[in-house]
Amino acid sequence: MGTIFAIPEGARLRVLTVSGKVRVTGEDRIDIDIEPAERNIETLEDGHILETRSRSKDLHLHVPTWLNVSVGTISGDVNLEGQVGSVKINTVSGKVTIDRANGDADIRSISGSISVDECGGRCRANSKTGKIDLGHVAGAIKAHTMSGNIGLGTAGADEVDVKTISGTVEVLVDEGRAPRLRFRTITGRTRCDCAQGSDFEIKASTISGSVEVRER
Amino acid sequence: MTAGATKVKAPTAEGAVVFTDLTGFSEFTAIRGDEAALEMLTLQERLLREAMDARGRIVKNLGDGFLLWFPSVVDAVDAALKLQEKIDELPAEDGDMPMWVRIGINYGRPILHGDDLIGHDVNVAARIVDFAQSGEVLVSQACTENLADELPDVYFDEVGPVVMKGIPDAVTLYRAVRP
């Protein structure tokens with residue numbers, strides 16, 4: 001048990017660390033519990049932002065499942081457990097893992113890997129060398145890497161845009177959804193094993209990587 | 001500095017610092033060769049100069065990108081978006097090299113060092129571009145605070161805080177979008 005903070009209506013949680021790990025657990029509650037207990041949460045920007053900072057100490061926050069969460073870190077790993085609202089995460093080398101974002105997700109890492117089990121909205125994921133793994137995304141997807149591999153699952157309701165220079169791309173489409181495909185590659189291989197149609201569009205561009213689309 | 005010497009304040013150039021980065025260029029060069037790579041760079045520079053429309057200055061050619069400076073952040077954001085729009089209009093045939101450019105913009109008072117720019121605001125701009133996806137224009141909060149609603153057709157979508165090594169405050173970044 002840490003220290004409890006009330007949440008002003010419409011506020012977003014912002015967590016900033018240099019190297020400390022960030023763990024956020026979405027659960028059935030109306031306030032925020034932060035550990036270690038001596039950590040403070042400031043209310044900024046007329047109550048729109050709740051901010052907590054740490055250099056190297058790890059933070060664990062228990063939050064309501066509807067809370068929107070932003071995290072900025074240089075090398076700390078970021079782990080969002082359970083459900084949260086929308087997420088915005090930027091890290092240089094930290095590893096990002098998310099169980100479920102009910103809203104949109106925008107995750108950017110330079111060398112860390114990105115893993116999202118479920119996203120209920122649109123999802124943007126960007127990593128230079130890290131792997132991107134998006135289990136199932138309800139909305140539009142933009143996933144770009146330079147050399148990291150991309151694996152993603154789409155509900156097939158909105159556009160999927162994947163780019164990689166040399167990584168491999170694997171797209172799993174929900175059963176019964178038929179994508180229109182736009183592949184672009186220089187030396188890579190492309191393959192589609194699912195029915196094609198006009199339910200939504202998959203744009204996949206690579207220089208030397210391979211692209212594979214399959215039904216889930 | 002010797003005792004009694006007068007400290008001369010370095011000249012600054014208030015404005016927008018822009019970094020562009022052509023991603024995948026090394027791989028393209030390895031596959032298609034130096035001649036094709038040179039053609040790609042020439043095309044990129046032509047599109048860039050058209051987008052800039054003499055409103056800013058190419059400070060430095062960085063090989064597969066540029067350092068640019070604009071006195072007006074409005075012109076910087078508009079030119080960056082125009083460059084991405086021009087790239088989007090290029091023919092997209094399978095087998096052609098896609099031109100993937102990402103752009104980062106910061107606003108401040110960099111120091112003039114000959115024709116070059118140096119300082120904190122330049123360093124921040126260089127780090128912003130690292131977080132951009134290809135096709136994106138990312139700008140710092142310092143940019144949005146100086147825009148004063150002068151780009152009514154552009155909206156700025158927050159992409160969250162970025163903690164940068166050696167910089168005490170997090171920088172909030174926005175994606176500039178012209179629908």
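Start with the open sheet of 11 strands in chain A, which runs in the order β5-β6-β2-β8-β10-β12-β14-β16-β18-β22-β20 with mixed pairing. At its edges stand β5 (42–44) and β20 (179–185) of chain A; each has a single partner strand, so one side of each is left without a neighbour in the sheet. Going across this sheet, neighbouring strands are turned by 10° against each other on average, direction ignored. Keep in mind throughout that this is a predicted model.

For a close-up of this sheet, take strand β10 (residues 87–91) of chain A and strand β12 (residues 105–109) of chain A: they pair in the parallel sense over 5 bridges. Within that pair, Asn90(A) sits opposite Arg108(A) in β12(A). As background, strands of a sheet pair through backbone hydrogen bonds, either parallel or antiparallel.

**The other sheet of chain A**

Chain A also has an open sheet of 12 strands, ordered β1-β4-β7-β3-β9-β11-β13-β15-β17-β19-β23-β21, and its pairing is mixed. Here the edge positions go to β1 (3–5) and β21 (190–192) of chain A, each with a single partner strand, so one side of each has no neighbour in the sheet. The twist from one strand to the next averages 10°. At the β21 end, β21(A) and strand β23 (residues 211–215) of chain A run parallel and are joined by 3 bridges. Arg191(A) has Glu212(A) in β23(A) as its bridge partner.

So what does chain A contain overall? The count is 0 helices and 23 strands. Its radius of gyration is 18 Å, close to the 17 Å that the globule rule gives for 216 residues, so chain A is as compact as a globular protein of that length.

**Two backbone details in chain A**

Most residues other than glycine have a negative phi, and most peptide bonds are trans. The peptide bond from Glu35(A) to Pro36(A) is cis, with omega near 0°, and Pro36(A) lies in the loop between β4 (32–35) and β5 of chain A. Then there's Asp46(A), whose phi is near 55°, a positive value in a residue other than glycine. You'll find Asp46(A) in the loop between β5 and β6 (49–54) of chain A.

**Chain B**

Chain B has 5 helices and 9 strands. Read from the N terminus, its elements go β-α-α-β-β-α-β-β-β-α-β-α-β-β. A compact globule of 179 residues would have a radius of gyration near 16 Å, and the 17 Å of chain B agrees with that.

Here are the two chains side by side:

| A | 0 helices, 23 strands | 18 Å | roughly 55 × 30 × 25 Å |

How do α1(B) and helix α2 (residues 34–52) of chain B cross? Their axes come within 7 Å and cross at roughly 140°. An angle over 145 degrees would count as roughly antiparallel; α1(B) and α2(B) are therefore oblique to each other. On the α1(B) side, the contact uses Phe25(B), Phe28(B), Thr29(B) and Arg32(B), which meet Asp34(B), Ala36(B), Ala37(B) and Met40(B) in α2(B). Sorted by class, this helix contact has 5 nonpolar, 1 polar and 2 charged residues.

**Where the chains meet**

The contact between the chains draws 29 residues from chain A and 23 residues from chain B. On chain A, β2 (12–17), β8 (68–73), β10, β12, β14 (123–127), β16 (141–145) and β20 each supply at least two residues of the side that touches chain B. That side of chain A is made up of 10 nonpolar, 11 polar and 8 charged residues.

**How confident is the predictor?**

For the complex, the predictor gives an ipTM of 0.91 and a pTM of 0.93. Chain B averages a pLDDT of 92, and 96% of its residues score at least 70. Which element of chain B has the lowest confidence, and which the highest? The lowest is helix α1 (residues 25–32) of chain B, at a mean of 89, and the highest is strand β7 (residues 137–140) of chain B, at 98.

How values were computed. Residues are numbered from 1 along each chain as its sequence is written. Chains are lettered from A and ligands numbered from 1 in the order in which they are written. This is a predicted model: local features need pLDDT of at least 70, side-chain atom pairs count only at pLDDT 80 or more; totals for chains, interfaces and linings use all residues. pLDDT is the predictor's confidence in each residue, from 0 to 100. Helices (H or I, at least four residues) and strands (E, at least two) are DSSP runs, numbered from the N terminus. Two strands pair if DSSP finds at least two bridges between them. Axes are lines fitted to C-alpha atoms, for helices over the stretch in contact, and angles run from 0 to 180 degrees between N-to-C directions. Two residues are in contact if their C-beta atoms, placed from the backbone, lie within 7 Å. Ala, Val, Leu, Ile, Met, Phe, Trp, Tyr, Cys and Pro count as nonpolar, Asp, Glu, Lys and Arg as charged, and the others, Gly among them, as polar. Angles under 35 degrees count as roughly parallel, over 145 as roughly antiparallel, 65 to 115 as roughly perpendicular and the rest as oblique. The radius of gyration is taken over C-alpha atoms; the globule rule is 2.2 Å times the number of residues to the power 0.38.
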